[in-house]
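Please keep the structure in view while reading.

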Amino acid sequence: MAGFQVPSYQWMHNGRGSIIIRNSLRVIEAETLSEELRRHIEIGVEVGKGLLFEIVQEVDGFSICYHPEDFDGWKPSRSDLKWVVRRIRKVMKEFNIQAPHFALDLVPFGGLHVLNDPACCADKRKEIIYLRLPIDVIDGHLGVPSEIHEDWIFYHELMHAKDCLEGRFPSGGFINPNENPELAVITSLWHFSIEGRLEKNGKPHKSRQKVMEDEYFWTRTLEKSKMVEAEEGCWQRRIEPWPLKKFITKRLFQKLCNRLWGKETTFQELQSWLNDLAK
Ligand SMILES: [Zn+2]
């Protein structure tokens, strides 16, 4: 059978050519960056695209970004921000997670935010943890949406960062899942390991069955596609064959979920499992 390769992260690496400016959903070339954007941190990654984080406020050692226009003019109070920082620090302490800088990006829950925007990553130098936290404003105060268990979101996201900081996963930034469905599948499998470890450690977590169903459902929606220029200036999304897709069955996901639940894994291990499937 024709060899099928999950793209390695070296292959995926996009270098420093383009960056994502938060909230605008625009990818712009680094050279076109305005001089006005001086207070920023560049977050370089190994997989996908990095981002430029704009520092709006600093609170208790955390750099925080929010744009009042995204929240109908609302600005978080200092005590609200301190409350979030305290919660994050508590989880970091429990998991012994350390990084010199923390970049916290507050975005509106729901809305235009796309799933493939990174939710949490560590930069490739392991100096910065970036967390994109979707929030609601409740009675003028910052609130964690009721759809998400307050503590769970911090535990889940910081487990991603921990795996990157400890070298089990590469530092990952912006990835379009429909351009790289193999990487999206790896992330789904990674979630089996993460939620299982949260359960094992007595932390807030999703149930095994729920994670299995959610990840399987999400994986089935993936398509591989590419933008192609059909005629001059006219770009179209073209669906491409994706060899791995036919091997992804509910049974396989259940098997991998059971195998990974509560265990540490690595990007390379998941990648080689997927490669073996198509052999
Ligand atoms: Zn996740």
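The model is a predicted one, in which local features are described only where pLDDT is at least 70 and side-chain atom pairs count only at pLDDT 80 or more, whereas totals for chains, interfaces and linings use all residues. Residues are numbered from 1 along each chain as its sequence is written.

## The chain as a whole

The chain holds seven helices and twelve strands, where helices (H or I, at least four residues) and strands (E, at least two) are DSSP runs numbered from the N terminus. Of its 279 residues, 37% count as buried; a residue is buried if 20 or more other C-beta atoms lie within 10 Å of its own, exposed if 12 or fewer, and partly exposed in between, with C-beta atoms placed from the backbone. Among contacts between residues at least 6 apart in sequence, 71% join residues at least 24 apart, a contact being a pair whose C-beta atoms, placed from the backbone, lie within 7 Å.

The table lists the helix pairs and their geometry. Axes are lines fitted to C-alpha atoms, for helices over the stretch in contact, and angles run from 0 to 180 degrees between N-to-C directions.

| Helix pair | Angle | Axis separation |
|---|---|---|
| α4 (residues 181–200) and α6 (residues 250–260) | about 40° | 8 Å |
| α5 (residues 208–220) and α6 | roughly 135° | within 10 Å |
| α4 and α5 | about 175° | 10 Å |

Angles under 35 degrees count as roughly parallel, over 145 as roughly antiparallel, 65 to 115 as roughly perpendicular and the rest as oblique. With their axes at about 40°, α4 and α6 are therefore oblique to each other, and their crossing is right-handed; a crossing is left-handed if the near helix is turned anticlockwise from the far one by less than a right angle, and right-handed if clockwise. On the α4 side the contact involves L189, F192, S193 and G196, which meet L256, C257 and L260 in α6. These residues divide into five nonpolar, two polar and no charged, where Ala, Val, Leu, Ile, Met, Phe, Trp, Tyr, Cys and Pro count as nonpolar, Asp, Glu, Lys and Arg as charged, and the others, Gly among them, as polar.

The axes of α5 and α6 cross at roughly 135°, which makes α5 oblique to α6, and this crossing too is right-handed. Here R208, V211, M212, E215 and Y216 of α5 make the contact with K250, F253, Q254 and C257 of α6, and by class the residues comprise five nonpolar, one polar and three charged.

For α4 and α5, the angle of about 175° makes the two helices roughly antiparallel. V185, S188, H191, F192 and E195 in α4 meet V211, E215, W218 and T219 in α5, a set that divides into four nonpolar, three polar and two charged residues.

## Strands, enclosed and open

In strand β7 (residues 101–108), six of the eight residues are buried, so the strand is largely enclosed by the rest of the structure. Strand β6 (residues 62–65) runs parallel to β7 and is joined to it by four bridges, with F62 standing opposite F102 in β7; strands are taken to pair if DSSP finds at least two bridges between them.

Strand β11 (residues 224–231) has eight residues of which the number buried is zero, so β11 lies largely in the open. Its pairing with strand β12 (residues 234–240) is antiparallel and extends over seven bridges, among them one in which E229 has W235 of β12 as its partner. The hairpin of β11 and β12 has two residues between the strands, and G233 takes a positive phi near 80° there.

## Individual residues

C120, in strand β8 (residues 120–122), is buried, with 21 other C-beta atoms within 10 Å. Leaving aside residues up to four places away in sequence, C120 touches Y130, L131, E157, L158, H160 and A161. The C-alpha atoms of C120 and A103 are separated by 9.8 Å, with the two residues 17 apart along the chain.

D72 has a positive phi of about 50° although it is not a glycine; it lies in the loop between β6 and α2 (78–94) and counts as exposed, with 8 C-beta neighbours inside 10 Å. D139, also not a glycine, has a positive phi of about 50°. D139 is found in the loop between β9 (128–138) and β10 (141–143) and is exposed, with 5 other C-beta atoms within 10 Å.

Conventions:
Two residues are in contact if their C-beta atoms, placed from the backbone, lie within 7 Å.
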